[in-house]
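Subject: Structure for you to look at

Hello,

Here is the structure I said I would pass on. Please open it first; my notes on what was found follow below.

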Amino acid sequence: MKFLEYTPLERLNDFFSHLNLGGRTINGCLEAYSCKHTGSDKKLSLSLENEILDYLGKSSDTDSSSPAEFLLTRSSRKTLIYLVLTLYHLYPDYDFSAVNAHQFFTEESWDSFKQMFDTYMFEASKEWTETNEGSSLLEALYKALDEVVRLAECEVYSYIPDSDADPFLERGAVWSFNFFFYNRKLKRVVSFRLSCESNLVADGLFYEEDGEIFDGMDI
């Protein structure tokens with residue numbers, strides 16, 4: 001995987017970097033990668049492929065919607081491997097085994113992503129509008145992603161790990177999201193990481209009675 005630099009993403013990254021909203025801070029990052037393997041990727045890719053095949057050999061899943069069914073095609077396994085390789089580049093200190101990863105990748109749509117974004121980034125969107133002459137944060141994000149990976153041709157995936165396997169939560173985040181916009185034709189993927197950290201937690205001021213500020217959040 002090769003990191004790709006794109007100016008539209010850099011502008012958004014500047015905004016998402018340590019966005020202080022008073023009670024909490026938003027951190028986000030968009031990164032684009034080419035799916036062409038580097039030297040180290042080739043070895044890891046082969047290892048992941050073997051682990052997936054080993055999992056399939058031991059699996060008794062027959063449901064057409066099961067992970068095993070999804071991984072039966074080589075193209076699906078390649079997609080999973082690209083996404084796992086991206087995770088390795090994003091979080092080099094973590095181990096993402098293929099056997100576990102297939103449980104966490106869920107195919108999404110732009111509409112489901114938009115719904116999440118509108119809910120969790122409401123205050124951030126207001127901040128963007130106020131500082132960018134009334135423009136929409138979601139529209140700016142859409143245009144940037146479309147320029148890099150052509151959203152109409154993209155498959156959208158989310159990474160939803162257990163809490164003890166989430167790099168963001170280990171750093172004290174209240175919630176976090178990891179989305180991937182993958183264009184199979186371009187062999188290009190854009191990762192979008194978002195996390196929210198309570199400033200009260202960061203300052204050591206969070207007490208049990210303050211938990212109400214997180215009520216209603218899907219943590």
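Two strands count as paired if DSSP finds at least two bridges between them. By that rule E6 and E7 pair, with 10 bridges joining them in an antiparallel run. Within this arrangement asparagine 183 stands opposite arginine 188 in E7. Please keep in mind that the model is predicted.

First, the chain as a whole. The protein chain holds nine helices and seven strands. It has 219 residues, and 47% of them count as buried. Taking contacts between residues at least 6 apart in sequence, 68% join residues at least 24 apart.

Back to the strands. The hairpin of E6 and E7 has four residues between the strands, and lysine 187 there takes a positive phi near 55 degrees. E7 also pairs with E3, in the antiparallel sense and over 11 bridges. Threonine 25 is the residue that stands opposite glutamate 197 in E7. E7 is mostly covered, with 10 of its 11 residues buried.

Next, the interior. In soluble globular proteins, nonpolar side chains tend to be buried together. Here the largest nonpolar core has 38 residues, and Phe16, Phe113, Phe117, Phe181 and Phe192 are those with the most contacts inside it. At least two residues of this core come from each of the helices H1 (7-16), H6 (110-120), H7 (122-131) and H8 (137-149), and likewise from each of the strands E3 (24-34), E5 (154-159), E6 (173-183) and E7 (188-198). H8 gives the most to this core, eight residues. Apart from this core lies another one, of 23 residues, which includes Met1, Ile52, Phe105 and Phe180.

Which residues does phenylalanine 181 contact, leaving aside its neighbours within four places in sequence? Among them are Trp110, Phe113, Leu145, Val149 and Leu151. Cys154, Glu155 and Val156 are also in contact with phenylalanine 181, as are Arg188, Val189, Val190 and Phe192.

On aromatic rings, a search of the whole structure finds 18 pairs. One of them is formed by phenylalanine 16 and phenylalanine 192, whose ring centres are 5.4 Å apart and whose planes lie at 50 degrees, so the pair is tilted. This pair links distant parts of the chain, since phenylalanine 16 is in helix H1 and phenylalanine 192 in strand E7, 176 residues apart. Phenylalanine 16 counts as buried because its relative accessibility is 0%. Phenylalanine 192 is buried too, with a relative accessible area of 1%.

Last, helix H7. Which of its residues are buried? They are Ala124, Ser125 and Trp128. These residues cover an arc of only 100 degrees around the axis, so they sit on the same side of H7. The buried residues of H7 pack against H1, strand E2 (19-20), H6 and H8. On the face of H7 turned away from its buried side are the exposed residues Phe122 and Glu130. Glutamate 133 follows H7 and has a positive phi, near 55 degrees.

Regards

Conventions:
Residues numbered from 1 in each chain as written. Predicted model: local features only at pLDDT ≥ 70, side-chain atom pairs only at ≥ 80, totals over all residues. Heavy atoms only, no water. Core = buried A, V, L, I, M, F, W, Y, C linked by side-chain atoms within 4.5 Å. Buried < 20%, exposed > 50% of the residue type's maximum accessible area, 1.4 Å probe, protein only. Contact = heavy atoms within 4.5 Å. Phe/Tyr/Trp six-rings, centres within 6.5 Å; stacked < 30°, edge-to-face > 60°. Arc of directions from axis to C-beta.
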